[in-house]
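Here is a short report for a first look at a structure. Please keep the sequence and the 3D view at hand while reading.

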Amino acid sequence: VRPICVMLAAQMSDRAFDHEVKQIAICAELVHTATLMHDDVIDQGEDRRGRPTARMVYGNAASVLGGDHLLVDALQRVHSANPTLTGSLLGVIADMVHAEALQLELRKSFRPDRNLYQQVVEGKTAALFRWALESGGQLGNLAPEQATLLGEVGANLGMTFQLIDDKLDLCGSPEETGKDTCLDLREGKLTWPLILAAERSPSLLLRLRHIAGSDHDPKVGEIAQMVEEIRNTGAIEDTQAEAERFAQLAANALKKLPSGRARDALQ
């Protein structure tokens, strides 16, 4: 998805998918994949995209080093292809690291704070979408204000993406998502439906805090019961609605950009 954002943003001004655009698109995917390799170590993830995670196949040490290698590769590629984008990519990586550290700090306490959630998502997910679209626009020599607008599209797309991911953690099927369900819930991670559910049910808040602070995994039956209680608060439907709100913000910003096949594809 992220490399396609680079490509389509560049094509808004009819720039071909040439070597430079391709290298920047690759950078977006390398950075994303690097963070997944690191996240799976931090989260002790066992499945990703329907396959065992790198850490399950090669071990944690190799997975961390593999992620480091991909980040270095991405920075070398962007510096070689278009040095003017190196600084902004470094900023994105810094934002992602900061957001991951913040998420890790929050994990043992579960504070249902909407502002903290947005900080984490803006850094972990939205920042790279923003960079992919804004950089693509710059490669396509769009006017600065148009490239900035593309970045706004990317930021809202990233928020949409994460909200749906939060929802699927609770009600998606492993066959479709390619990863375990309720992983965020079992780890006491701050997600939008869990925040909404905690705000609406004091008893759920206490149990989510207990799970977050415990060193023991909750039982399958307890998780199933909590998912049902979360569903009963309306938090899952309202997470879908919040995702649709951000998607509409992205679509509204997109309408201000040059019309054509590239814009239609992004839409």
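## The model

This is a predicted model, in which local features need pLDDT of at least 70, side-chain atom pairs count only at pLDDT 80 or more, and totals for chains, interfaces and linings use all residues. Residues are numbered from 1 along each chain as its sequence is written, and side-chain values use heavy atoms, with hydrogens and water left out.

Helices (H or I, at least four residues) and strands (E, at least two) are DSSP runs, numbered from the N terminus.

## Helix 10 against helix 13

Two packed helices are described by the angle between their axes and the distance between the axes. Axes here are lines fitted to C-alpha atoms, for helices over the stretch in contact, and angles run from 0 to 180 degrees between N-to-C directions. Helix 10 covers residues 192–200 and helix 13 covers residues 235–254. Their axes come within 9 Å and cross at roughly 130 degrees. That makes helix 10 oblique to helix 13. Angles under 35 degrees count as roughly parallel, over 145 as roughly antiparallel, 65 to 115 as roughly perpendicular, and the rest as oblique. The crossing of helix 10 and helix 13 is right-handed. A crossing is right-handed if the near helix is turned clockwise from the far one by less than a right angle, and left-handed if anticlockwise.

Which residues in helix 10 and helix 13 meet? Helix 10 brings Trp192, Pro193, Leu196, Ala197 and Arg200, and helix 13 brings Ala235, Asp238, Thr239 and Glu242. Contact means heavy atoms within 4.5 Å. The residues of this contact divide into five nonpolar, one polar and three charged. Ala, Val, Leu, Ile, Met, Phe, Trp, Tyr, Cys and Pro count as nonpolar, Asp, Glu, Lys and Arg as charged, and the others, Gly among them, as polar.

## Helix 6 against helix 7

Helix 6 spans residues 114–139. Helix 7 spans residues 144–171. The axes of helix 6 and helix 7 come within 7 Å and cross at roughly 140 degrees. That makes helix 6 oblique to helix 7. Helix 6 passes helix 7 in a right-handed crossing. The residues of their contact divide into 13 nonpolar, nine polar and five charged.

## Salt bridges

Side chains of opposite charge can pair when their charged atoms come close. The structure holds eleven salt bridges. Each is a side-chain nitrogen of Lys or Arg within 4 Å of a carboxyl oxygen of Asp or Glu. Asp40 and Arg48 form one of them, at 2.7 Å, N to O. Asp40 is buried, with a relative accessible area of 7%. Arg48 is partly exposed, at 22%. Buried means under 20% relative accessible area, exposed over 50%, and partly exposed in between (1.4 Å probe, protein chains only).

Glu199 and Arg114 also meet in a salt bridge (2.7 Å, N to O). This pair links distant parts of the chain: Glu199 is in helix 10, Arg114 is in helix 6, and 85 residues separate them. Glu199 is partly exposed, at 40%. Arg114 is partly exposed too, at 40%. Glu242 and Arg245 are three residues apart, so about one helical turn separates them. Glu242 is buried at 17%, and Arg245 is partly exposed at 42%. Elsewhere, Arg15, Asp18 and Glu20 are linked in a network of salt bridges.

Val6 is found in helix 1 (residues 2–11). Is Val6 buried or exposed? At 0% relative accessibility, Val6 is buried. Leaving aside neighbours within four places in sequence, Val6 is in contact with Val21, Ile24, Ala25, Ala28, Ala132, Gly136 and Leu139.

Gly66 is found in helix 4 (residues 60–81). Gly66 is buried, at 19%.

## Two loop residues with positive phi

Most residues other than glycine have a negative phi. Asp14 has a positive phi of about 70 degrees. Asp14 lies in the loop between helix 1 and helix 2 (19–43). Asp14 is exposed, with a relative accessible area of 71%.

Phi of Gln44 is positive as well, near 60 degrees. Gln44 sits in the loop between helix 2 and strand 1 (47–48). At 56% relative accessibility, Gln44 counts as exposed.
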